[in-house]
Amino acid sequence: MKLKIEIASTISAQRTFGSTSPFDNIYLIDSENCDTKTPIYKEFIPPLKIRRLSPLLRMSLTTAIDCLRRNQRDIGAIVIGTGLGCSRDTQAFLQLVKSTAGQLSPSAFIHSTHNTVSGQISLFFKNHGYNITHSQNNLSFELSVLDCINTMIAEDDINYALLGSTDEYIPFLDELKGIIIDDRYPLTEVSTTMIVGEAQGELGEVVIDGVYFDYSQDLIKDVLNKNDVYIDEFDIVLHSGVDHLIDSGENVINYLDFCGINMSASAFACHYAFDLLKKGRGTSAVIVNNLCPESTGIVVLSKNV
Amino acid sequence: MKIFVTAAAQLSPIGLNKSEVKTSFQTKTTGITKKDYGLMGSYYVGCIDKSDKELCEKYGIKGKLSRTSILGIAAVKEIQTQLEFLHTSDLKACLINGTSVGGMDYTESEFFNYLGNSSFNKRAFINHSCGSVTRQIMQNTFEFSMIDTVVTACSSSANAILSGANHLRAGNFDVAIVGGTDSLSNFTIKGFDSLMIYDSELCRPFDASRNGINLGEGAGFILLETERSMKISGNYPLVELSGWGSVSDAFHQTASSPEGKGATLAMKNALSKAGLKPSQIDFISSHGTATQNNDLTESIAIQNVFGSIIPPFCSTKAFTGHTLAASSGVEVVFSIYSMLDGFYMPNLGYVNPIDETGLVPVLDYVDGVEIEHLLSNAFGFGGNNTSLIFSKIK
């Protein structure tokens, strides 16, 4: 089964949110300009609720609301990826544990589990459908894509899913730069949410044709070829810093230059590819995500023309 | 396509194999004891009676890993002999692991050092993420075609099982190792304590006086196969995974709806998928955490689905403690033991029924029973409700 992307919404270090051309004016980011460009949240979330939500939850709930406001589908599944989950609430509760004697406030703990994101979305929309969270480091988004495909194959009554991936920045991550986190790009945060459904073969629709995984130490080129994915055949190539393997050109894009580093960066890239294909920059795209060593995810997209 | 379980293994506070677990059930001996835990003082916790060092020696695990990873590796290694066929066939295998806080047991102490302005081991945080636990299980067991970590709090391993079934049905993989692992941490103990749902006494599922959970550690994994893969593997089916349902309660982040809507829907969906009537369920392995909220709403949901004729049911949480993301994996393995050997698992700690529902769980180990269809429940924060049905091979 192929997945049609109906609509997508992204909050990131770029001004991607609330624009009909979210990627037209993106620019190279650096450590001086990598803060999240947040919308006015109270336009989406009741103010009383906003106070209780971390930036991650605000971002992810807002992109979900934005998708469903613009495209009112009957959502049968909510499938969310996150590499590190609710890091800010986790850190906040650990600080309480370390510093406070006696009874602790449970607020941060309540919101610390990774599936708070998918849970809050279901709660907001009173959605009783399938609800799941995948957390496999840099491949959390790709695994969520695969789950949407599986779920629509398995469940006849699920026609549309809310698919997303989100990760947030906490200053502690800077401590790990150059040790276990690549220090060539700024650390950032992103939330991308999409409405996906089974591809109908309609003219102009953008579909995810397939998703592939590899955990070997093989060269990226060999990993792609193993999965019958040949870079030269794609109009658009989005990658996480493997450009030495690919001829350069305006349609060969290192998305980390624009998104920065976070475990959901490939979801940003997927929205970017969706936008480029919609606008006719080509009819095929591939996203190569090897942000973490020996963990490659490949997403293949095309436009039906 | 039918999905079969061809191997099962667990490590829990009541044993590392079927014989030890069965003895605990027969003698109604809990694995929960009062211990000083880390920064927190004394708590009733379910601990596996083996140190990290002992487990690493027993299972040939090298390097410093989180206990969550060690338990997960050990459980998968317990069924590795049934995976030998993967080395000589072109069958594709995936690993789907449920865990709630990943390597927190290891990294929290380093984070406390960081907070205290002491030197800390930055490399230790390679063990922190939930995904790193699954990665380490792969690195220590088998080169899987795909690995995935499901994090839906206390229903994580139930959803890992469901995901594995969907992968086989979609034809993505031929076999799937599915389940979950979690260990104890200051973070989780103090977290449930902050919610004021950590019982300072031994937990008492479905009892009127229940006052919260005790936490435990554990890991439970099963091997899912199809008829086609079993022809190649030569493995025999233990039970069939015949039904599953997973829904959102959409009521509250940490509490279940008073009418048990999500739990009711999950059980009904699982029955529908299995093509079974409620009257055909012979036993319910309940989630039964021993919190006021869970046990009441789960009881109501059971009554919603089964009416006045409630199948025998139990919660094993008073034996093991709540092993969080691992709980469904561990309890599914217990359930498979009970189906294969024909016994009812007892429910420790129960004295009086919950006023509103009056349900009475199985109180003693009962031998010589036939369990053709068993329903297993797992519910988590975020309103995540999952039910699985296992059926005996005819």
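At 7% relative accessibility, Phe112(B) counts as buried, where buried means under 20% relative accessible area, exposed means over 50% and partly exposed lies in between, computed with a 1.4 Å probe on protein chains only. Phe112(B) belongs to helix α5 of chain B, which covers residues 104-115; helices (H or I, at least four residues) and strands (E, at least two) are DSSP runs numbered from the N terminus. Between the C-alpha atoms of Phe112(B) and Thr152(B), which stand 40 residues apart along the chain, there is a separation of 26 Å.

This is a predicted model, in which local features need pLDDT of at least 70 and side-chain atom pairs count only at pLDDT 80 or more, while totals for chains, interfaces and linings use all residues. Residues are numbered from 1 along each chain as its sequence is written, chains are lettered from A and ligands numbered from 1 in the order in which they are written, and side-chain values use heavy atoms, with hydrogens and water left out.

## Buried residues and their contacts

Ser163(B) has its place in helix α7 (residues 156-170) of chain B, and with a relative accessibility of 4% Ser163(B) counts as buried. Contact here means heavy atoms within 4.5 Å, and, not counting residues up to four places away in sequence, Ser163(B) touches Tyr130(A), Ile132(A), His134(A) and Asp147(A) as well as Ile96(B) and Val150(B).

Gly180(B) is part of strand β6 (residues 175-182) of chain B, and at 0% relative accessibility this glycine counts as buried. When its neighbours within four places in sequence are left aside, Gly180(B) is in contact with several residues, among them Asn97(B), Ser157(B), Phe221(B) and Ala326(B). The C-alpha atoms of Gly180(B) and Leu324(B) are separated by 9.2 Å, although the two residues are 144 residues apart along the chain.

## Aromatic pairs

A search of the whole structure finds 27 aromatic pairs over all chains. Rings of Phe, Tyr and Trp (its six-membered ring) pair if their centres lie within 6.5 Å, and planes under 30 degrees apart count as stacked, over 60 as edge-to-face and the rest as tilted. The rings of Phe25(B) and Phe319(B) have centres 4.9 Å apart and planes at 90°, so this pair is edge-to-face. Because Phe25(B) lies in helix α1 (residues 18-27) of chain B and Phe319(B) in helix α12 (residues 317-320) of chain B, the pair ties together parts that are 294 residues apart in sequence.

Phe25(B) is buried, with a relative accessible area of 0%, and Phe319(B) also counts as buried, at 0% relative accessibility. Elsewhere, one aromatic cluster is formed by Phe93(A), Phe109(A), Phe187(B), Phe192(B) and Phe381(B).

## How helices pack

Two packed helices are described by the angle between their axes and the distance between the axes. Axes are lines fitted to C-alpha atoms, for helices over the stretch in contact, and angles run from 0 to 180 degrees between N-to-C directions; angles under 35 degrees count as roughly parallel, over 145 as roughly antiparallel, 65 to 115 as roughly perpendicular and the rest as oblique. Helix α2 (residues 52-59) and helix α3 (residues 67-78) of chain B pack at an angle of about 30°, with their axes 10 Å apart, which means that α2(B) is roughly parallel to α3(B).

In chain B, α1(B) and helix α13 (residues 327-341) pack at an angle of about 85°, with their axes 11 Å apart, and therefore α1(B) is roughly perpendicular to α13(B). In this contact, Lys18(B), Val21(B), Lys22(B) and Phe25(B) of α1(B) meet Phe334(B), Tyr337(B) and Asp341(B) of α13(B). By class, the contact of α1(B) with α13(B) has 4 nonpolar, no polar and 3 charged residues, where Ala, Val, Leu, Ile, Met, Phe, Trp, Tyr, Cys and Pro count as nonpolar, Asp, Glu, Lys and Arg as charged, and the others, Gly among them, as polar.

## Positive phi angles in loops

Although Phe206(B) is not a glycine, this residue has a positive phi of about 65°. Phe206(B) is found in the loop between α8 (186-194) and β7 (215-216) of chain B, and Phe206(B) is buried, with a relative accessible area of 1%.

Ala250(B), which is not a glycine either, has a positive phi of about 50°. The loop that holds Ala250(B) runs between β9 (239-248) and α10 (261-274) of chain B, and at 5% relative accessibility Ala250(B) counts as buried.
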